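Please consider the structure below. The paragraphs that follow lead through a few of its local features.

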Amino acid sequence: MVGKVSLETQFILSICAIVLKGRWKDILKSKVGNNVTSAAINQVLFQLSLYGYGPSLSWELYKWVESVPNYKHSLQSSWTMVHILTMHRHFKIAQNLIEKITHKDFLSSPSVLNALVSTNCDPDVNSHVLSWLVISYANLRMTQDAIQVFEQMRVHGFKPHLHACTVILNSLVKERSTHMVWKLYKKMVRLGVVANIHVYNVLVHACCKSGEVDTVEKVLGEMEFNGVAPDRFTYNTLIALYCKKGMHYEALSVQDRMERSGVSPDIITYNSLIYGFCREGRMREALSLFKEIKDATPNLVTYTTLIDGYCRVNDLKEALRLREAMEAKGLYPSVVTYNSIIRKLCEEGRIRDANRILNEMSDKNVEPDSITCNTLINAYSKIGDMKSAMKVKNKMLEAGLKLNQFTFKALIHGFCKVQDLESAKELLFGMLDVGFSPGYCTYSWLVDEYCNQGNEEAIIKLLDEFNERGLCLDVSVYRALIRRFCKQENIDYAQRIFDLMLGKGISGDSVIYTSMAYAYWKMGKVNVASEFLNEMYKRRLMITMKIYRCLNASFAGDDSILGFFWSHLAERGLISKSILKDMEHLKLPDKLTSG
């Protein structure tokens with residue numbers, strides 16, 4: 001064994017000698033070349049780095065040997081090269097190499113990382129390398145891999161770079177995994193990471209995404225405690241959050257604090273504040289703020305926000321005046337601007353004018369998007385012009401735009417309105433084919449129209465058609481149909497669908513059992529209603545606030561009957577104490593109003 005080790009060492013040293021003499025091609029000679037493996041190169045790279053030449057010889061060999069036919073660097077040899085470069089502070093080249101091997105090799109596995117980390121005992125070097133690995137994975141949107149690498153750093157006690165912390169936290173914010181942001185940040189603090197303005201800005205941004213006002217106040221308090229002053233991004237994100245929550249006083253207070261701290265508001269600041277007022281229809285304040293803009297130039301977003309705001313408060317004249325003012329300043333409407341105007345024209349029934357705007361978009365090479373097309377489809381469907389609605393739908397597909405739930409719902413509603421139930425049915429099947437789940441309203445339109453035609457049997461046949469087309473029915477389909485038949489007081493068909501559902505081995509939920517029980521209760525068939533309530537109790541299907549609100553809304557004129565019904569359910573233990581309290585709170589304003 002000793003002899004074998006000695007031979008290996010001699011072989012490694014002989015390759016080192018060849019490299020030092022510059023006779024690279026000798027490595028390929030048969031006596032040497034046959035024994036050149038990635039394991040051997042790994043040792044040679046390390047040995048060369050000890051000769052006082054820095055990383056240059058190792059790096060030259062690493063690149064040169066890549067050109068040798070049938071040779072491929074192992075993960076270990078690449079890792080060794082990264083460490084050599086990092087030890088000699090050639091950070092940029094080392095980071096580029098990490099990015100390269102991240103694409104090729106599965107590095108985030110705990111067992112692989114443990115093995116690689118154990119080959120180098122320098123914690124500073126390991127912190128650098130693993131931080132770059134976190135950044136590389138996060139930039140590739142491989143967030144879970146980035147988290148796994150971070151966890152290995154935590155296990156080994158390596159402190160990640162602040163840039164790595166910023167990048168991974170930002171990736172989680174983009175994925176809307178805000179709960180993970182806070183978990184990871186706490187772990188970073190335990191590792192000794194002291195947040196800088198970039199990390200804090202990501203945390204503030206996370207609060208904005210999730211609408212957490214209380215949490216953002218804590219972040220600001222921590223910033224102040226650690227002596228980190230907010231910058232323009234911090235202030236703008238705070239203003240955006242407060243505007244999103246309708247907290248205008250707080251948003252304006254942040255602007256004031258921003259100016260007092262020597263940070264000038266930019267157009268993003270003003271756009272957020274204007275948007276906050278516009279979304280609540282407070283156009284006087286929005287316009288006043290627009291006129292107060294200083295040291296910033298209103299842009300397309302500014303004008304589009306105001307135009308949309310005026311359209312929402314039914315002031316199309318002012319919206320169109322602003323559009324002219326915008327164009328006079330050399331700013332031309334985008335598809336978002338046009339969508340606001342088209343939506344308002346369609347709401348007013350001015351579809352001809354909306355089409356005129358559509359032609360203008362074409363002349364100015366502004367491509368309509370899904371919102372443009374859906375707005376027109378909805379407008380045509382509402383007036384029963386299904387030929388025009390389908391024409392827009394076909395143009396939408398030709399332009400490479402995908403139909404979404406709104407498209408299908410608008411068309412189904414339109415075809416139900418003109419009593420073309422076959423076309424409505426085909427669109428329903430198409431909707432399910434592409435993976436959309438029709439809601440209660442969609443099924444309601446079909447049930448209502450078939451009932452109006454006295455053709456309830458068609459709904460029963462519809463369930464068979466689903467099966468014939470290989471479409472899997474879940475409880476949501478049965479729920480929607482049962483609810484609507486109960487609303488129509490057509491309990492016989494509701495019962496038939498309920499029985500079909502059970503026959504398919506699908507268990508009903510709280511909504512289905514409550515709907516059936518109330519329908520029978522209202523008809524005076526209390527014994528049958530009790531059977532449904534007994535089954536609910538047996539299966540622990542409880543009443544939620546959502547069910548309470550929905551049933552009250554569906555049967556708004558049945559106050560006295562509903563009152564007895566809810567009291568009966570409470571006596572049966574189908575409503576928890578907390579829900580009963582919420583129900584009482586909900587009733588209180590009504591009592592005060594009626595009093």
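Is Arg176 buried or exposed? Arg176 is exposed because its relative accessible area is 55%, where buried means under 20%, exposed over 50% and partly exposed in between, with a 1.4 Å probe and protein chains only. The model is predicted: local features need pLDDT of at least 70, side-chain atom pairs count only at pLDDT 80 or more, and totals for chains, interfaces and linings use all residues. Residues are numbered from 1 along each chain as its sequence is written, and side-chain values use heavy atoms, with hydrogens and water left out.

Arg176 is located in the loop between helix H10 (162-174) and helix H11 (178-190); helices are DSSP runs of H or I with at least four residues, numbered from the N terminus. Although Arg176 is not a glycine, its phi is positive, at about 60°. Gln419, also not a glycine, has a positive phi near 65°. The loop that holds Gln419 runs between helix H24 (405-417) and helix H25 (421-433), and Gln419 counts as exposed at 52% relative accessibility.

A further topic is the packing of helices. Two packed helices are described by the angle between their axes and the distance between the axes. For helix H30 (residues 510-523) and helix H31 (residues 526-538), the axes come within 7 Å and cross at roughly 160°; such axes are lines fitted to C-alpha atoms over the stretch in contact, with angles from 0 to 180 degrees between N-to-C directions. H30 and H31 are therefore roughly antiparallel to each other, a term for angles over 145 degrees.

Conventions: Helices (H or I, at least four residues) and strands (E, at least two) are DSSP runs, numbered from the N terminus. Angles under 35 degrees count as roughly parallel, over 145 as roughly antiparallel, 65 to 115 as roughly perpendicular and the rest as oblique.
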